[in-house]
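Hi,

Here is the structure I promised to pass on. Have a look when you get a moment, and my notes follow below.

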Amino acid sequence: MKSMATLHSNNLICSQASLPQTDKLSISRAANYTQIPSWVSLKSNNAPLKNTHPLHGELENIHLVSLSKQDKLKEAIEFFLQMDRCNIAVAPQSYKHLLETCSKLRSLDFGKLIHGRLKDNPPGFLVNCVLQMYCDCGSFSDARKLFDEMRDRTLGSWVIIISAYADGGLLENALELYLKIQDSKYKSNPFIYISLLKSFSDSSYLEIGKQMHCQVVKSGFTGNVSLNTAICSMYVKCGNLESAELNFRLMNEKNAVSWTTMMVGCTQANRHEDALIYFKGMLNEDVELDEFVFSITLKACAALDDRKTGEQVHGLAVKLGLQSEVSVGTPIVDFYVKCGDVESAGQAFEVISEPNDVSWSAILCGYSQIGEFEKCIKVFKSLRTKDIVLNEFMYTSIFQVCSSFADFGFGSQAHGDAIKRCLVSRLYGESAMITMYAKCGRLDYAYRVFESIDKPDTVAWTAMVAAYAYHGNASEALSLFRQMHASGIRTNTVTFVAVFTACSHAGLVEEGKKYLESMSTEFGVEPTIDHYNCMIDIYARAGLLNEALDLINSMPFGADAMSWKSLLGGCSIHRKYELGKFAAEKVLELDPKDSAAYILLFNLNALSGKWDEAARVRKLMSERELRKEIGCSWITVKSKVHRFVVGDLHHPKTEEIYAKLRELKFCDARKENDVILTEDDVSDIITSDRKEQLLVHSERIAIAFGLISMAASAAPIVVFKNLRACKDCHDFGKHVSLVTGRTIVVRDSNRFHHFKSGECSCGDYW
């Protein structure tokens with residue numbers, strides 16, 4: 001059968017050769033050449049005799065082109081080689097299609113094979129095809145060798161290699177050839193300028209970009225809208241928005257890309273109002289809007305917190321029927337998330353016909369921001385079971401959620417999963433993991449992540465300094481900060497907040513003063529009100545209340561509520577009634593709804609024996625309908641979170657928990673008249689049942705549950721609390737660690753306390 005098919009095909013070739021050209025074309029059009037097997041007219045049972053004169057092989061060339069267009073490159077190459085063995089000529093257009101397919105599939109080996117089979121002095125367009133193939137396959141050495149050997153270069157040859165160098169980031173080579181073309185018989189055309197200008201990506205290229213702009217003007221290309229847009233884009237990327245605006249105004253013709261280029265420049269320069277002005281200009285000029293326009297515009301609206309304009313843009317997308325497109329719907333979701341309206345974000349998300357990983361990332365971020373941690377984790381778990389592509393941003397959001405939720409179990413699982421999928425975002429994801437492990441009480445894991453980062457940036461260093469600071473390891477925090485500075489890593493405002501926090505928790509007053517004074521001169525960071533408030537807190541905690549007041553009065557900022565609250569906290573600790581009362585009045589002037597300030601003032605009055613004043617404070621809270629946040633503690637045992645409130649009696653193991661508390665035989669050290677109100681206490685007056693109430697503060701219940709649920713050989717018992725721990729419960733933690741030999745870690749609203757062998761890492765200074 002095969003020989004018969006071969007004979008038939010040979011007869012067809014012969015008969016076709018005798019037909020007029022029009023008949024040949026009609027036969028070619030009528031046949032379905034995609035079904036022709038590769039061996040047609042080329043294989044037989046007997047080895048063919050090579051013809052002394054090449055056959056034209058129109059049918060074979062059509063089949064070769066068909067295979068190339070279908071991207072069946074391997075089959076096409078085999079057919080090509082058989083044609084060569086049978087001395088059937090390969091048409092120039094067939095070579096062109098083969099080379100284009102090699103370019104498309106990045107097949108350098110097959111491309112070189114075809115190049116080697118080209119006859120001497122091939123047509124110039126074919127040489128350019130080979131040049132383009134080498135460039136597309138990333139073989140710039142082969143491309144340059146071919147270019148240098150070309151005897152008859154065309155303008156297209158110059159365009160191909162200069163553009164390839166520019167797109168490949170080899171700007172020196174591109175500029176070298178750009179200068180050479182000026183001395184050739186050809187001159188640069190708009191395509192060369194566009195390729196070069198697109199590659200000027202930062203301010204270091206601004207000067208040469210300006211020179212090239214001058215050359216464009218001299219060459220008379222100022223009417224080319226694509227080239228003018230590339231010039232605007234170059235100025236934007238080089239940080240010269242004013243020149244971009246000037247060039248934009250001089251453009252006679254503008255397209256959607258021109259307008260969006262200017263909008264991007266404005267948003268990058270934090271000129272979000274101007275970005276919206278350009279958007280309105282697009283509407284006035286009736287420019288066709290693309291998906292990218294909506295993304296930039298909504299980003300500007302979010303930055304300005306301009307809910308009204310953002311909703312109008314959303315309405316325009318609905319009017320145009322674009323809200324269900326993922327490229328438009330996702331920016332809408334992101335806009336509402338950034339405005340804090342996760343409900344509207346969810347509604348916009350539901351409209352997207354095929355949400356992608358970016359869409360899911362946006363909605364996960366929204367749930368995380370509003371504290372819907374459990375919902376965020378639930379959605380993420382469902383995504384892992386579906387056929388949805390996950391990305392680095394999703395995992396970074398989950399690390400942040402686990403950080404806020406203090407969920408070590410799921411956080412470590414997500415970490416392992418991200419590693420397996422190669423989806424740990426370099427630096428940002430790694431920094432989020434440092435914070436996550438630190439806030440979950442596992443400083444050892446946090447440091448392991450930090451050590452694994454090849455070149456930690458400012459965010460990573462700062463995360464690790466902050467981790468040590470909040471765990472009370474001031475010496476390690478400051479040592480790491482000094483290493484950071486010595487390594488040439490730039491510090492920022494957040495870094496210094498972490499440094500001052502370390503000094504505050506350890507009572508390092510002189511170190512705090514030194515860093516505040518040297519921030520701008522030695523580190524190039526201008527102090528903000530937050531840094532001064534940190535220093536006020538350092539003074540107040542150390543009992544240097546007059547120094548704290550002097551700093552409030554002399555600092556270059558007007559004192560805010562936190563400034564006075566820091567002073568009030570110090571007065572409460574050190575029982576300075578008059579100054580504390582003055583500070584409390586200032587706090588309540590600035591923030592009359594701050595319940596913590598009322599509690600501090602109540603305690604100050606109670607400690608000073610001014611019970612009438614204390615009662616007046618409680619009455620004032622009641623009149624203003626201020627409620628204290630309910631104290632809550634939680635602990636994770638076997639991947640399950642157990643929550644407790646003060647006096648909790650609802651846990652299935654309540655009897656065992658209270659039996660363990662009685663077994664511990666802890667007696668509060670306070671005198672009967674020396675008790676103060678804490679955030680866990682909910683009664684309006686101090687009662688005779690105070691001792692019993694202290695016994696069942698939420699962190700004590702959580703610690704007791706940890707003792708009966710976790711083996712002694714297990715990791716430390718880690719308890720989290722949403723409010724500041726009282727002194728009695730702090731003493732309870734030390735007592736438990738002493739009598740049980742267990743390490744207890746408690747994270748309250750201020751810091752971590754590591755209890756071991758009857759001592760706390762804070763040194764009773766908190």
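How many residues does helix α24 have, and what distance does α24 reach from its first C-alpha to its last? This is a predicted model, and in it α24 runs over residues 408-420, which makes 13 residues reaching 18 Å, close to the 18 Å expected at 1.5 Å a residue.

Just after the helix, cysteine 422 has a positive phi of about 55°. Within α24, the buried residues are Phe410, Gly411, Ala414, His415, Asp417 and Ala418. Their cover includes α22 (373-385), α23 (392-405), α25 (428-439) and α26 (443-452).

Now to the cores. The largest nonpolar core holds 198 residues, and Leu196, Leu197, Phe200, Val333, Ile434, Met464 and Leu567 have the most contacts inside it. Helix α27 (residues 458-470) gives the most to this core, with 9 residues. Not counting residues up to four places away in sequence, isoleucine 434 touches Ala446, Val449, Phe450, Ile453, Ala460, Ala463 and Met464. Another core, of 26 residues, lies apart from that one and includes Val696, Phe705, Val719 and Val746.

Leucine 131 counts as buried because its relative accessibility is 0%, and buried means under 20%. Beyond its neighbours within four places in sequence, leucine 131 contacts Ala143, Leu146, Phe147, Met150, Ser157, Ile160 and Ile161.

Best wishes

Definitions and conventions:
Residues are numbered from 1 along each chain as its sequence is written. This is a predicted model: local features need pLDDT of at least 70, side-chain atom pairs count only at pLDDT 80 or more; totals for chains, interfaces and linings use all residues. Side-chain values use heavy atoms; hydrogens and water are left out. Helices (H or I, at least four residues) and strands (E, at least two) are DSSP runs, numbered from the N terminus. The expected span of a helix is 1.5 Å times one less than its number of residues. Buried means under 20% relative accessible area, exposed over 50%, partly exposed in between (1.4 Å probe, protein chains only). Contact means heavy atoms within 4.5 Å. A nonpolar core is a set of buried Ala, Val, Leu, Ile, Met, Phe, Trp, Tyr and Cys residues joined through side-chain atoms within 4.5 Å.
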